[in-house]
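Me: Got a two-chain model open here. Can you walk me through it?
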Amino acid sequence: MENHSHEDHGHEHHGNFWTTYIFSEDHKVIAKQFLITGMAWALIGGLLSVLFRLQLGFPDANLSWLKPLLGGWLTADGKIDPEFYLALVTMHGTIMVFFVLTAGLSGTFSNFLIPLQIGARDMASGFMNMLSYWFFFLSSSIMFTSLFLSTGPAGGGWTIYPPLSALPQAISGSGLGMTLWLVSMAFFIVSSLLGSINYITTVINLRTVGMSFTKLPLTIWAFFFTAIIGVLSFPVLFAAVLLLIFDRGFGTSFYLSDIYIGGEALPNQGGSPILFQHLFWFLGHPEVYIVILPSLGITSEIISTNSRKPIFGYKAMVGSLLFIAILSFVVWAHHMFVTGMNPFLGSIFTLLTLIIAIPSAVKIFNYVTTMWRGNIRFTPAMLFSIGMVSYFLTGGITGLFVGNSAVDIQLHDTYFIVAHFHLVMGVAAFFGMFAGVYHWFPKMFGRMMNEKLGYIHFWLTFIGGYLIFFPMHYIGIAGFPRRYYTWTNFETFSGFTDLNLLVSIAAIVTFFTQFIFVFNFIYSIFRGKLAPANPWESNALEWTTPRFPGHGNWPGEIPTVYRWPYDYSKPGAKEDFIPQHIPYSETPESNLPHENELIKLEGMDATIHVEEKKHH
Amino acid sequence: MNMIIGLGVVLVIGILLMIFRIGRLMDVAKEKKEDNSWNNINAILLLIFMILGLGWFYYYSFKHFSSYDLPVASEHGVATDNLFWITMAITVVAFTVIFIAMFWFTYIYRYDKNRRAAFFADNHYLEIIWTAIPAIVLALLIIKGLRVWGDITGPASKDAYIIEMVGQQFAWTARYPGVKDRELGHQNYKLIDASNEFGLDLTDKNSFDDFKSLTLYLPKGKEVLLKIRAKDVIHSVFLPHFRVKMDAVPGMETQFKFTPTKTTEEMRTETGNANFNYEMACTELCGRGHFSMRFPVVVVEPDEYEKWMAAQESWLKQNPDYMKYVPDNLKDAAAIKAGLPINGIQATNSVSLK
């Protein structure tokens with residue numbers, strides 16, 4: 001607690017351009033760096049998906065007009081090369097999962113909101129935080145470079161299962177492209193760990209006076225659990241990556257055994273490709289919660305604020321986050337029901353997996369009940385939060401199919417899976433991210449985003465997202481395998497060209513819709529209306545900072561916190577919101593009986609606070 | 001041409017920017033106070049979205065049911081399909097109820113400055129109810145699921161027909177045990193060469209009558225045990241109509257047992273498609289030709305299956321050169337089992353000498 005009592009005089013650290021905007025240790029600047037890098041990656045990842053949707057939706061089209069962009073990756077008759085198609089799919093997945101929805105989402109909002117919402121001057125270690133971004137930047141640069149290799153970027157799927165990813169003779173993407181993928185990922189993990197350790201430490205140690213754990217906004221709870229999941233699971237991916245590097249470069253046989261390829265029997269024996277899958281999914285499954293938990297936190301905050309109502313079941317919301325976080329570590333093998341893993345393990349993982357539906361259902365019910373009898377303001381952030389709940393429901397509920405091993409036999413690796421995870425962790429997480437940007441943009445840049453462009457962006461994206469991913473359920477039930485360049489080789493999979501066309505058109509339109517957001521974002525940074533102090537009439541602490549908070553966030557003392565962040569529409573209160581830093585002694589008209597008791601303690605808090613100050 | 005398109009795009013973007021600019025200026029000029037109209041529009045749009053979305057979902061799902069509901073042709077497939085549709089019923093009901101509630105609430109509780117939201121922070125009864133209900137429903141799904149899973153993955157019966165599927169970039173091959181011993185011979189990946197694609201170990205007497213097939217023949221109503229291998233990278237056997245899927249993993253044999261219930265002919269009658277064929281696909285990304293690993297599948301009556309089995313030439317008969325790898329004491333047995341003349345080696349040698 002020492003951080004908020006020292007130096008009460010101006011916290012602006014005036015530096016030069018380089019220390020202010022590039023190698024900044026200010027969590028707010030680092031958050032913006034993550035956000036802008038993440039947005040750039042999202043556009044690249046989206047563009048890649050549009051390219052492979054062209055192949056799937058318009059299999060007969062001549063794409064030679066894409067020659068300037070794709071060059072040698074087009075075949076002579078203007079088609080996307082099948083191997084490049086796989087590279088597109090692989091890089092789309094890698095970019096979206098790791099670079100956009102992990103770094104772009106957690107990196108942005110954990111960084112931005114943790115100190116502001118818990119009442120801290122900055123992260124526990126500003127320097128580590130800066131390193132976290134620059135490792136991410138290094139990792140991004142390496143991954144980006146791999147897109148331009150003559151042998152192409154990695155092409156073995158974002159899950160990089162060996163032996164395919166271990167053997168350059170199996171697919172050209174497993175040459176230098178895969179090497180760069182692995183190196184990039186190693187740096188990415190370093191970045192993620194530096195970030196997560198910082199988030200955990202900051203939440204535990206740097207909360208302002210009065211900000212007990214039970215008064216934390218749900219955003220902070222979500223970021224906190226996300227960081228813990230990351231710290232525990234990313235090192236396992238690091239191990240998996242390292243062993244794969246050994247197999248590729250140093251002739252070890254961790255994942256390789258009994259392989260005959262290219263007219264040659266390889267000497268490797270005794271390894272197991274299944275070992276890699278266990279290691280990969282030990283991160284890979286928690287990873288989907290790393291992606292979705294921040295969105296759940298962000299939307300909890302936004303839905304409560306804009307419903308002008310306390311979040312329903314705060315304790316249940318925290319409890320379900322915790323429960324999901326714990327369960328996320330014991331369900332990984334549901335990705336492996338049909339890999340030949342011992343069927344008994346399949347039973348255990350079915351049981352554990354389906355249990356996750358309970359906390360997830362509780363969250364959805366609580367969201368809906370929060371809106372019940374609310375007074376809902378449909379800001380763009382609120383619309384995206386509602387959209388997030390809608391997608392989380394739509395995509396999450398199909399988890400009951402694929403989490404059940406017997407049903408998964410048929411659905412595994414079909415478009416049903418593609419629909420499931422894109423809805424529940426792809427689009428839902430994206431919507432959480434959009435909601436967060438629209439909601440906290442005024443705090444980030446001191447200006448408002450244009451609301452009407454926000455509405456247009458929401459509606460086109462919301463409908464577009466459903467048009468892209470909902471039809472995939474039908475295609476998947478019909479058995480269409482994923483990662484197929486074309487289905488025309490099979491009679492069984494020859495139908496549904498109409499749905500595939502629809503999906504592709506929706507994907508293209510939705511992709512270009514995002515430029516409305518990009519425009520709104522850039523335009524509003526410079527020309528948006530200046531933001532009022534508390535534009536959404538929110539209770540959380542970040543709105544007590546000045547419009548353009550400097551490094552250190554609060555020019556004077558950090559406010560003391562007296563109440564939870566969800567005192568919206570409290571009976572008796574003058575306004576329909578009472579921010580966290582308003583003591584109960586100032587709101588006798590709306591206090592509940594037990595809160596009147598707390599008034600006595602308020603003085604004590606202040607005494608402690610003063611005494612602490614004396615020590616410095 | 002490209003120039004014109006480019007110019008068009010620039011023009012359209014320019015016009016959109018102008019509209020945006022004018023809209024903003026008008027907003028500033030109007031100095032509007034507390035305008036709730038956009039809030040209402042969004043609330044109504046959400047309601048319309050819910051109604052149209054659910055309507056389309058139900059309409060399409062019923063109207064086009066037959067085009068995505070693959071006919072099922074295996075015993076366990078009936079059980080997994082059953083579980084699939086039970087899950088579907090539960091999820092569709094839950095989805096519909098929550099969807100309607102959510103978008104109904106966003107509509108009727110849209111902002112009204114004369115109204116105040118309820119201060120309703122928790123209710124333990126409600127929370128216990130909606131924790132307990134999913135828990136009970138899930139328990140039922142889990143119990144039913146695990147039973148079906150247990151049946152599917154349990155040991156195959158002793159008289160199951162064993163067939164080996166081998167995946168490689170980018171083709172499948174099937175190996176059948178010959179009718180003489182009904183057992184697959186050993187194999188070893190180090191013995192694989194251009195002709196010996198299975199890596200058959202000819203020191204094992206069970207390998208002599210094994211034969212290769214480029215169609216997966218299956219007997220109707222008999223249990224089949226697929227032994228699944230891969231030579232190079234991971235592949236996955238997917239038999240959509242039989243609800244069968246199992247990865248082919250290099251260095252590790254996997255298996256899947258199932259009982260086909262409809263012959264190809266019967267399926268042709270059922271689907272009304274005279275050209276219907278069962279197919280096998282690969283469902284684990286394996287490289288450039290992943291999408292092309294089609295393998296034909298034919299289901300016939302058991303007696304026809306036996307006839308087909310008996311009519312197949314053993315691999316060794318097709319590759320008599322490999323007799324040289326058969327240990328001397330087994331050469332006669334090998335020739336008999338493979339269907340070669342007893343002194344087949346000399347015969348072949350003389351042929352090759354010509």
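Reply: First, a term. Helices here are DSSP runs of H or I with at least four residues, numbered from the N terminus. Also, this is a predicted model.

Me: OK. Where does A:Gly107 lie, then?
Reply: A:Gly107 is in α4 of chain A, the helix covering residues 82–118.

Me: Is A:Gly107 buried or exposed?
Reply: Buried. The cut-off is 20 or more other C-beta atoms within 10 Å. A:Gly107 has 27 C-beta neighbours inside 10 Å, so it counts as buried.

Me: What is A:Gly107 in contact with, leaving aside neighbours within four places in sequence?
Reply: A:Phe34, A:Gly38, A:Phe136 and A:Gly195.

Me: And how far is A:Tyr199 from A:Gly107?
Reply: The two are 92 residues apart in sequence. In space they are 9.9 Å apart, C-alpha to C-alpha.

Me: Tell me about α2 of chain A. How many residues, and what reach?
Reply: α2(A) runs over residues 27–57, which is 31 residues. From first C-alpha to last it reaches 43 Å, close to the 45 Å expected at 1.5 Å a residue.

Me: How many residues of α2(A) are buried?
Reply: 23 of the 31, so α2(A) is largely enclosed by the rest of the structure.

Me: Zoom out. How many helices and strands in chain A?
Reply: Chain A has 19 helices and 2 strands. Of its 616 residues, 62% count as buried. Among contacts in chain A with a separation of 6 or more, 79% are between residues 24 or more positions apart.

Me: What radius of gyration does chain A have?
Reply: 25 Å. A compact globule of 616 residues would be near 25 Å, so chain A agrees. Along the principal axes, its C-alpha atoms fill a box of roughly 80 × 55 × 50 Å.

Me: Switch to chain B. How many helices and strands there?
Reply: Chain B has 10 helices and 10 strands. Its radius of gyration is 32 Å, well over the 20 Å that the globule rule gives for 354 residues, so chain B is more spread out than a compact globule. The C-alpha trace of chain B spans about 105 × 65 × 40 Å along its principal axes.

Me: What share of chain B is buried?
Reply: 36% of the 354 residues. For contacts in chain B between residues at least 6 apart in sequence, 68% join residues at least 24 apart.

Me: Which domains is chain B divided into?
Reply: Domain 1 takes 36–111 + 124–154, and domain 2 takes 161–341. Their centres are 41 Å apart, taken over C-alpha atoms. The contact uses 10 residues from domain 1 of chain B and 13 residues from domain 2 of chain B. On the domain 1 side, the residues are 4 nonpolar, 4 polar and 2 charged.

Me: And between the chains: how many residues are in contact?
Reply: 82 residues of chain B with 90 residues of chain A. Elements of chain B that each supply at least two residues include α2, α4, α5, β6, β7 and β9. α5(B) gives the most, with 14 residues. The chain B side divides into 45 nonpolar, 21 polar and 16 charged residues.

Me: Which residues of α5(B) are buried?
Reply: Among them are B:Trp130, B:Pro134, B:Leu138, B:Leu141, B:Ile142, B:Gly145 and B:Trp149. An α-helix has 3.6 residues a turn, so residues three or four places apart point the same way.

Me: What covers the buried residues of α5(B)?
Reply: The cover includes α10, α11, α13 and α14 of chain A, together with α4 of chain B.

Me: Now β6(B). Which residues point which way?
Reply: B:His235, B:Val237 and B:Leu239 point one way, B:Ser236 and B:Phe238 the other, and all are buried. In a regular strand the side chains alternate between the two faces of the sheet.

Me: Which strands run antiparallel to β6(B)?
Reply: β7(B) is one, over 5 bridges. There, B:Leu239 has B:Val244 as its bridge partner. β9(B) is another, joined by 2 bridges. On that side B:Phe238 is partnered with B:Ala281.

Me: What's in the turn between β6(B) and β7(B)?
Reply: The two form a hairpin with 4 residues between them. B:Arg243 in the turn has a positive phi of about 55°.

Technical notes: Residues are numbered from 1 along each chain as its sequence is written. Chains are lettered from A and ligands numbered from 1 in the order in which they are written. This is a predicted model: local features need pLDDT of at least 70, side-chain atom pairs count only at pLDDT 80 or more; totals for chains, interfaces and linings use all residues. Two residues are in contact if their C-beta atoms, placed from the backbone, lie within 7 Å. Ala, Val, Leu, Ile, Met, Phe, Trp, Tyr, Cys and Pro count as nonpolar, Asp, Glu, Lys and Arg as charged, and the others, Gly among them, as polar. The radius of gyration is taken over C-alpha atoms; the globule rule is 2.2 Å times the number of residues to the power 0.38. A residue is buried if 20 or more other C-beta atoms lie within 10 Å of its own, exposed if 12 or fewer, and partly exposed in between; C-beta atoms are placed from the backbone. Domain bounds come from an automatic or database domain assignment. Two strands pair if DSSP finds at least two bridges between them. The expected span of a helix is 1.5 Å times one less than its number of residues.
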